[in-house]
Amino acid sequence: MAAENFFPKIPIGDAVAYLVDVIEDYLGWFFDAISYGINYFINGLQDILIFIPPVILIAIIAIAAWYVSKRSYKAGILTAAGLLLILNLELWEEAMQTLALVITSSLIALVIGIPVGIHTSRNDYSNRMIRPLLDFMQTMPSFVYLIPAVIFFGLGNVPGVIATIIFAIPPAIRLTNLGIRQVPKELNEVADSFGATPMQKLVKVQIPVAMPSIMAGINQCILLALSMTVIASMIGAAGLGLNVLEGIQRVDIGGGFEAGLAIVIIAIILDRITQNIIKN
């Protein structure tokens, strides 16, 4: 039996639908431009990653892992072994599509998130304003981000990138803000005593000291972007996430597990590379 409603229903849904219609009418050109730019970038990146012979790309990534891990042969060999396993599973093209999606989303999230984090670290009013928004973004179920992305950008890779950016950007803002706020007061006073401008103090003192915290934010941003790839496949984003989704829909346990394993391998490689950069 339905509960009796003593008050008229508040038309929240109608108001949101009207707002969406207004935004589409007046800002449709803006979303088309964003869609074109992101689509152009991600397709170009996918083409480059797929064009490079897998063996050469595996060697490049393994050497990068070996170098950032202070020339640890173990890191280089494990990275190469993981990528060769993905190649053996015949998931290389999907893995490169996923990597292009993660790189595009992470780059845009960091280009927006780090400057916002720097600004909020230097402005208490902005920090108080944005903190509830970040709380909201981090507690909102990730599936909800798909709704506005689909409304304004349709289906495909672009709404997947938009939803991933929104999901992955909070750690970059929070940890950049935290790192700069934790710079010792004495260092700021020394910079001021030498007559450093705010920009000089930021670039030469605060950012270098806060770099471990900023890099931790970058690490979290990349891993959250990768974790969103499966969910983004529900709105047409290509890559390994789509294989996992198809595995669930067709009850193809083996195919879904192989795609999931490939995602885990990529996540471990990206995590170890960024963690070693932080340590260095």
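Helices here are DSSP runs of H or I with at least four residues, and strands are runs of E with at least two, both numbered from the N terminus. I keep that beside me for every entry below.

**Ground rules.** I am working on a predicted model, in which local features need pLDDT of at least 70, side-chain atom pairs count only at pLDDT 80 or more, and totals for chains, interfaces and linings use all residues. Residues are numbered from 1 along each chain as its sequence is written, and side-chain values use heavy atoms, with hydrogens and water left out.

**Helix α2.** I looked up what follows α2, and found Lys-70, with a positive phi near 60°. Next I checked the length. The expected span is 1.5 Å times one less than the number of residues. For the 15 residues of α2 (residues 54-68) that gives 21 Å, and the end C-alpha atoms are 21 Å apart, which agrees.

Then I asked which residues of α2 are buried. Buried means under 20% relative accessible area, exposed means over 50%, and partly exposed lies in between, with a 1.4 Å probe and protein chains only. I listed Leu-57, Ile-58, Ile-61, Ala-62, Ala-65 and Val-68 as buried. They cover an arc of only 135° around the axis, so they sit on the same side of α2. The arc is taken from the directions from the helix axis to the C-beta atoms. On the other side of α2 I noted Val-55 and Ile-63 as exposed.

**Helix α6.** In α6 (residues 146-153) I found Leu-146, Ala-149 and Phe-153 buried. Their arc is only 70° around the axis, which puts them on the same side of α6. I then looked up their partners: the buried residues of α6 pack against α1 (12-51), α7 (157-181) and α10 (229-232). Contact means heavy atoms within 4.5 Å. After α6 comes Gly-154, with a positive phi near 75°.

**Helix α4.** I picked Ser-105, which is found in α4. Is Ser-105 buried or exposed? Ser-105 is buried, with a relative accessible area of 1%. Leaving out residues up to four places away in sequence, I found that Ser-105 touches Val-161, Thr-164, Ile-165 and Ala-225.

Last, I recorded where α4 (residues 92-122) meets α11 (residues 240-249): their axes come within 7 Å and cross at roughly 120°. The contact is made by Glu-94, Ala-95 and Thr-98 of α4 with Leu-240, Gly-241 and Asn-243 of α11.

Note on methods:
Axes fitted to C-alpha atoms, helices over the stretch in contact; angles between N-to-C directions.
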